[in-house]
Amino acid sequence: MRKQLWNRYIYWKVDIVDFIQSLADPSERIFSRGADFLQRAAVFVSRHRCRRLIVFVRREILAQMKARLERLRETLSGKRWQEIWHLADSTLSIFLFFPSMVFYWRGIWDLYGVYIAPHESPERQWWIVTGFGACSIAGYFAAPLLSHLLSYTRSKVVRVIATRAYLYAFAVLAMAYWRGVWCVADSYLLALGWPVCVAGLCISHGFLLVLRCSRTTIFPPFLVNLDTRRDVLSVSTCFRTQVKWREASSVVRYSLDSIFTQFFILTMTIISWRSSLSLLDVFVYPDDWLVSNLVSVGAGVTATIVLFALETTLSRVGVYIETNWRWLRLVYEDAVYLVTFGAVSLIWRGAWNLNVIYIITDPKVGGWVNLGIGSVLLLSLQLMSFAGCCGCAYDGRDRVAADAIYPTKYLRRYFRTKQQQATSDVTPSISSREMTTSSAESREEGIWTVSTGTSNDVITDETDVTGSSLTDENRASRSDAASSPITYI
């Protein structure tokens, strides 16, 4: 052994001496000798397993960092931290997510008035915008088709680009329908005075209550829809029709349900909103526009903070009612969401009008600036689903969670306890773009469906829609579903 090491030492010593001497040689030998020396050095290092040692050290460092981060996450997921994350989510919803939506909505709203039939009379322009927005019905059929196509790829990049493009395109059409119906209601209904506004609010919201779609009227800051959830392309309709594309009767039922949802439920939602804001224009300091909007946004923010502070209490009351008087649960939820609708109307009216007054009043320049700011914020925050998902909510279908009644969980989705990760606590969805389909119904139907509104979880490939780990049987059924005609919601 000593003889081998001595021979190796002599070999390397001679080689190094030759290499140093070659440095004085101006010929091309300097390059060949240098390359040969580096090659021998690499062989020497590899033979002594230094490379393996470096890899081992790197793996150990990464493992230690991962373990520490996991322990930190477990610490931040404790019960003591849940209230902090609740407060953080509420703060983000009021002061970041909600303004992002206002920027986007006001920007695209003004641009419609600038670029779509600007030389026509106002009434004709409104009908043209409404017709353009009515094309959003295509989104009810494009979403299942796109979901089916994406089931054949595992690329996250392709899925992200495709889903964001769909959400943005549908949002453009949906906002056009909102503006058209809004202005038509201004012209033909609400111009007759506040008694007509009261009647319009009672009738439209009454229809939504009867059809169990009153939660469709709820928007940010009482709503957080993450674009990263796996069921972002699932469509929820009023009667929860499941479509089988190979059956003509199923396609017809789904088409009629989609048309009813888009042109009746959404229209009633718009009329409810327009009626409530018109009543606020009449009764909240009508003689001073600036004071009226300041009072409106102040009252809206205050009411929102109070409702967020009482969220846990409201949730526990809901759980108690559901346990003892299940028939009373729907009445309780409708009452809570009616108060929430009032707070949302106040904060939206004040924030919108103050945006128009102070952030570039010119419709063209202000429209592009607001649209750019809103688009960047919504896309970067993964919240384009605020405006880009189609469908309606369904009252009383979700199981009431013990810690939250509003789907505003953003940071809390990333800092959850192990028990919550295993059971995926269910938060009732109040989005107009979500609904719930229980896994039991899916098993009875023998198909794979997606829950589209139990919560705004970030669902990965390794979890099913309830948040529990997928078994081999589940993976097999999902694989079969991906390779066969899929039944969509």
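**Entry 1: α8 and α9**

I began with helix α8 (residues 194-210) and α9, whose axes come within 8 Å and cross at roughly 145°. Axes here are lines fitted to C-alpha atoms, for helices over the stretch in contact, with angles from 0 to 180 degrees between N-to-C directions. Helices are DSSP runs (H or I, at least four residues) numbered from the N terminus. I noted that α8 and α9 cross in a left-handed way (near helix turned anticlockwise from the far one by less than a right angle; clockwise is right-handed). On the α8 side I found W194, C197 and F207 among the residues in contact, and on the α9 side F264, M268 and F283 among them (contact means heavy atoms within 4.5 Å).

This is a predicted model, where local features need pLDDT of at least 70, side-chain atom pairs count only at pLDDT 80 or more, and totals for chains, interfaces and linings use all residues. Residues are numbered from 1 along each chain as its sequence is written, and side-chain values use heavy atoms, leaving out hydrogens and water.

**Entry 2: α7 and α9**

Next I looked up α7 (residues 156-188) against α9 (residues 248-283): their axes come within 10 Å and cross at roughly 55°. The crossing of α7 and α9 is right-handed. From α7, I listed Y177, W178, V181, W182 and D186; their partners in α9 include F263, W273 and R274.

**Entry 3: confidence**

I checked pLDDT, the predictor's confidence in each residue from 0 to 100. The protein chain has a mean of 75, with 68% of its residues at 70 or more.

Key: Helices (H or I, at least four residues) and strands (E, at least two) are DSSP runs, numbered from the N terminus.
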